[in-house]
Amino acid sequence: MPVSQTITIQDILDSRKKVMSVAYRTPLVNFGIMCRQLGKSVHLKLENLQYTGSFKLRGAINEIMNLPPSQKKMGVIAVSSGNHGKAVSFVSSKMGINSIICVSSKVPKNKIEGMKELGGRIIIAGATFDEASDYAHNIQSETGLRFLEPFDDPFLIAGQGTIGIEIVEDLPDVDIVIVPVAGGGLISGIAIALKSLKPNVKVIGVSMDTGPVMYHSLRAGRIVEMEEKDSLADALIGGIGKNNFFTFDICRKMIDDMVLVTEEEIGRAMVFLLEKFHMLVEGGAAVGVAALLANKIKINNKNVAVVITGGNVEIENTFKLYQKYMG
Ligand SMILES: *Cc1c(COP(=O)(O)O)cnc(C)c1O
């Protein structure tokens, strides 16, 4: 893959037919009508309703559908904090492609069960995302399976970018889009779409403060590595890759701001969404609402879209959170 390759709005438009042949066009709901607490102009893009329970499906579809036939035949391998693995398992099974998903021992049980149910072969390898990633790369080089990047791939980024197009279609006057960030594939795709369709839209990233690798990399102007700590936002744990080809540069150029939220703010946002919206949203997906509730993003009655990225959360743990933060 040439390092200089740029991803454009055309790539996102091109991906759309493939993505929509499998994915669901999720609604953008005016949350402000239901609940004034965040301001009347806050909208939620509900990718928690996406098949497989997260937006990761979009990128995985475009990544897999663009593989050459010989690689489809060989099979694919991925590393995942859960949701990319569910998406890869789902799309691979649908297309009759064998898939192996490497995960760390920290990945929640519900996500591992979800991947198995969808037909992926799961290997638990290492205690961190980065260890599982090294393991997957080793198998890749021994077997020749195609490695499916979880965030740093042009086809994947283009697939995630379809969310940006849908937001503009559903809310043409959008001013600010708030996006959870881990490896940055999602926010890269969305930012490319938005900055091309509506150059004045602000794109704001949110991560958890326990290990925000992209945030610190952007501040340092180079890719940093951080120790992986447990978080309610389990989907956001992990590095951005020592050899990051795309997302770091795209984020550097296109993200307007990034903010961080605490574990308590994430827990409160999950409970808030359950109480006011009757939706069970996973920690990594609740960080945008967490940042708004904590007044960390100034929205001044502007039209805001918050991407709710996924809903794959263990119910047991959510009840515990509910008891801790209700009211
Ligand atoms: C993967 C994921 C993210 C972050 O996406 P990146 O492309 O890695 O930045 C956010 N929320 C959920 C639920 C995810 O699964």
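Predicted model: local features only at pLDDT ≥ 70, side-chain atom pairs only at ≥ 80, totals over all residues.
Reader: How many Å apart in space are Ile-297 and Ile-204, C-alpha to C-alpha?

Author: Along the sequence, 93 residues separate Ile-297 from Ile-204. In space, going from C-alpha to C-alpha, the distance between them is 8.5 Å.

Reader: Asn-301 has a positive phi. What is its value, roughly?

Author: Most residues other than glycine have a negative phi. Asn-301 sits in the loop between helix 13 (287-293) and strand 10 (304-308). It isn't a glycine, yet its phi is positive, near 60°.

Reader: And is Asn-301 buried or exposed?

Author: To count as exposed, a residue needs a relative accessible area over 50%. Asn-301 has 55%, so it is exposed.

Reader: Thr-52 is not a glycine either. What is its positive phi, about?

Author: You'll find Thr-52 in the loop between strand 2 (42-46) and helix 3 (56-65). Although Thr-52 is not a glycine, its phi is positive, at about 70°.

Reader: Does Thr-52 count as buried or exposed?

Author: Buried calls for under 20% relative accessible area. Thr-52 has 12% relative accessibility, so it counts as buried.

Reader: Let's move to the ligand. Which residues come nearest to it?

Author: There are 16 residues around the ligand. By class, they divide into 7 nonpolar, 7 polar and 2 charged. The ones that come nearest are Lys-56, Asn-83, Ala-182, Gly-184 and Thr-309.

Reader: How much of the ligand's area does the protein bury?

Author: The space the ligand takes is the largest cavity. On its own the ligand exposes 390 Å², and the share of that buried by the protein is 98%.

Reader: What lies 2.6 Å from the backbone oxygen of Lys-18?

Author: Look in helix 1, where Ser-21 lies. Ser-21 is partly exposed, because its relative accessible area is 49%. The atom 2.6 Å from the backbone oxygen of Lys-18 is a polar one in the side chain of Ser-21.

Reader: How far in space is Ser-21 from Cys-102, C-alpha to C-alpha?

Author: In sequence, Ser-21 and Cys-102 are 81 residues apart. Their C-alpha to C-alpha distance is 27 Å.

Reader: What about Pro-27 and Ala-125, how many Å apart are they in space?

Author: Pro-27 is in the loop between helix 1 (9-22) and strand 1 (28-30), and with 27% relative accessibility it counts as partly exposed. In sequence it is 98 residues from Ala-125. In space, the C-alpha to C-alpha distance between Pro-27 and Ala-125 is 36 Å.

Reader: Last one: what distance separates the C-alpha atoms of Val-177 and Val-307?

Author: Val-177 belongs to strand 7 (residues 176-180), and it counts as buried because its relative accessibility is 0%. Val-307 is 130 residues away along the chain. The C-alpha atoms of Val-177 and Val-307 are separated by 7.6 Å.

Methods
Residues numbered from 1 in each chain as written. Heavy atoms only, no water. Near = heavy atom within 4 Å. Areas by Shrake-Rupley, 256 points an atom, 1.4 Å probe, with all protein chains shown as cover. 1 Å grid on protein atoms, 1.4 Å probe; cavity = no way out; pocket = protein on both sides within 12 Å on 5 of 7 lines; lining within 4 Å. Sits in = over half its atoms within 2 Å of the grid points. Nonpolar A, V, L, I, M, F, W, Y, C, P; charged D, E, K, R; others polar. Helix = DSSP H or I, 4+ residues; strand = E, 2+ residues; numbered from the N terminus. Buried < 20%, exposed > 50% of the residue type's maximum accessible area, 1.4 Å probe, protein only. Polar contact = N/O pair within 3.5 Å; in protein donor to acceptor, adjacent residues only side chain to side chain.
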